[in-house]
Amino acid sequence: MNAYIEENKDRFIQELLDLLRIPSVSADPAFKGDVLKAADFLREKLAQAGAENAQLFETAGNPIVYAEKIIDPALPTVLVYGHYDVQPADPYELWDSPPFEPVIKDEKIYARGACDDKGQTYMHVKAFEAMMQHQALPCNVKFMIEGEEEVGSVNLATFVKENKDRLKADVIVISDTGMLANDIPSVTTGLRGLSYHEVEVTGPNRDLHSGLYGGAVANPINILCKMIASLHDENNHITIPGFYDDVEELSQEERAEMARAPFSLEAYKKALDLPDVHGEEGYVTMERNSIRPTLDVNGIWGGYTGEGAKTVIPSKAYAKISMRLVPHQSHEEISALFQKHFESIAPPSVKVVVKPHHGGEPVVTPTTSAGYQAAAKAMEDTFGKKPVPVRSGGSIPIVAMFKSELGLDTVLMGFGLDSDAIHSPNEHYGIFNFMKGIETIPRFYQHFAQLHQAQA
């Protein structure tokens, strides 16, 4: 099978480049046609690879690509999840090459969606093709690839609830995470949750001349900046009352186990061009970005930002604020706490509106399951060393939903790197990583089938 993968390497890469050329941005309605085109591309490729019932399921938003190959109902079933939608590419001027005209430089594919998640999803399609070509599929497989992950998977839960029988499986596999390094494989065992909001601060009923009204009327931008600044104290501790009430505190033994993962603070700072790191007092970098909750401003705007000068006090100021959550924190409870607190700290000179957006629950996946053990064995086969279990700072809200609705644990077997610049200009994905994923995934199926049978 490895020979087939190597012989078809160039074709696999060219097909991925074709998929990356489709600007399937789910957040912008202007790209709706391209989103549909990407869905149909995957449906067609799954059918060509040997999947049955390859089809698009309509939702209230973007369609879900579904396909399956049931070789024997008595065998275990793997449900593969991925997404074909991508983040907006803005700001375009910061890209070294056009985001939807993929280029290969230094053995990396540069394009929006290269790693998140088209490249990682497409690994599963090509691994499936390789297994089918060699009649080496050891268990059943189902594919569910959505087009709204980057906007909160707003219609996926409905689809899952309405198709529980269709989606029956023994494990879910997602490749939408990363690993520590190309020579240090890892499997993600935990994800943070998410609570995301947009806030609006309104002062006067129109923009005002800053000379005639300055000093007498509240400036919404000034007020918003003060409100945001107050959300952290001098130790970078979040000041929202009740925010930490349900936070899981790891033991010193658990923190010591985490610290065994290879990490260079100097290399981390160099890669990001940082003079120093920053974060909550009492925790190291790898803890701050994985086991501790956070609050960050993702965007802020208001007033005049064009060329030259326009001296105004703006009528409104806005910000987008997200909080990453850890086990036992509920995104609904945190959203309510945030709204109550943010409204309470506003001075009487302005009006504040808090608009909740999407959210999701944090999850920790068991390392004792057949799925995790199969992933670990598969990576050990192809990388030559045991993978390190790690917790990710990112969020995949649907993982908790899969557990509650389908009763299934998820294996987070990603092949990206922190340096792949996902969600940023110049996103890229290594050809090594893409091909290593295609090589590793069939090994996962083999080990899972064996382990599942042994545990039955």
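**Entry 1**

Before I start, a reminder to myself: axes are lines fitted to C-alpha atoms, for helices over the stretch in contact, and angles run from 0 to 180 degrees between N-to-C directions. I also note that I am working with a predicted model.

I looked up how helix H12 (residues 370-383) sits on helix H14 (residues 431-455), and found an angle of about 135° with the axes 7 Å apart. H12 and H14 are therefore oblique to each other. The crossing of H12 past H14 is right-handed.

Next I asked which residues meet here. From H12 I listed Ala370, Gly371, Gln373, Ala374, Ala375, Lys377, Ala378, Met379, Asp381, Thr382 and Phe383. Facing them in H14 are Phe432, Lys436, Glu439, Thr440, Arg443, Phe444, His447, Phe448, Leu451 and Gln455. Sorted by class, this contact has 10 nonpolar, six polar and five charged residues.

**Entry 2: H3 against H4**

I then turned to helix H3 (residues 32-49) and helix H4 (residues 118-133), whose axes come within 9 Å and cross at roughly 15°. Angles under 35 degrees count as roughly parallel, and that makes H3 roughly parallel to H4. I noted a left-handed crossing for H3 past H4.

On the H3 side the contact uses Phe41, Leu42, Lys45, Leu46 and Ala49. On the H4 side I wrote down Tyr122, Val125, Phe128, Glu129 and Met132. By class I have eight nonpolar, no polar and two charged residues for H3 with H4.

**Entry 3: a sheet and its helix**

Now for some strands. I found an open sheet of three strands, in the order S4-S5-S18, with antiparallel pairing. Strand S4 (103-105) and strand S18 (428-430) are at the edges with a single partner strand each, so one side of each has no neighbour in the sheet. From one strand to the next, the twist averages 30°.

I checked how strand S5 (residues 108-110) is joined to S18: three bridges link the two, which run antiparallel. Isoleucine 109 is opposite tyrosine 429 in S18. Lying across S4 and S5 I found helix H2 (residues 9-20), which runs at about 20° to S5.

**Entry 4: an annotated span**

Last, I went to the UniProt record. Its unreviewed entry carries the annotation "domain: Peptidase M20 dimerisation" for residues 198-348. In the model, the end C-alpha atoms of residues 198-348 lie 20 Å apart. I noted 31% helix and 19% strand for this span.

Notes
Residues numbered from 1 in each chain as written. Predicted model: local features only at pLDDT ≥ 70, side-chain atom pairs only at ≥ 80, totals over all residues. Heavy atoms only, no water. Helix = DSSP H or I, 4+ residues; strand = E, 2+ residues; numbered from the N terminus. Parallel < 35°, antiparallel > 145°, perpendicular 65-115°, else oblique. Left-handed = near helix turned anticlockwise from the far one by under 90°. Contact = heavy atoms within 4.5 Å. Nonpolar A, V, L, I, M, F, W, Y, C, P; charged D, E, K, R; others polar. UniProt positions renumbered as here; feature names shortened; annotations may be inferred. Pairing = 2+ DSSP bridges.
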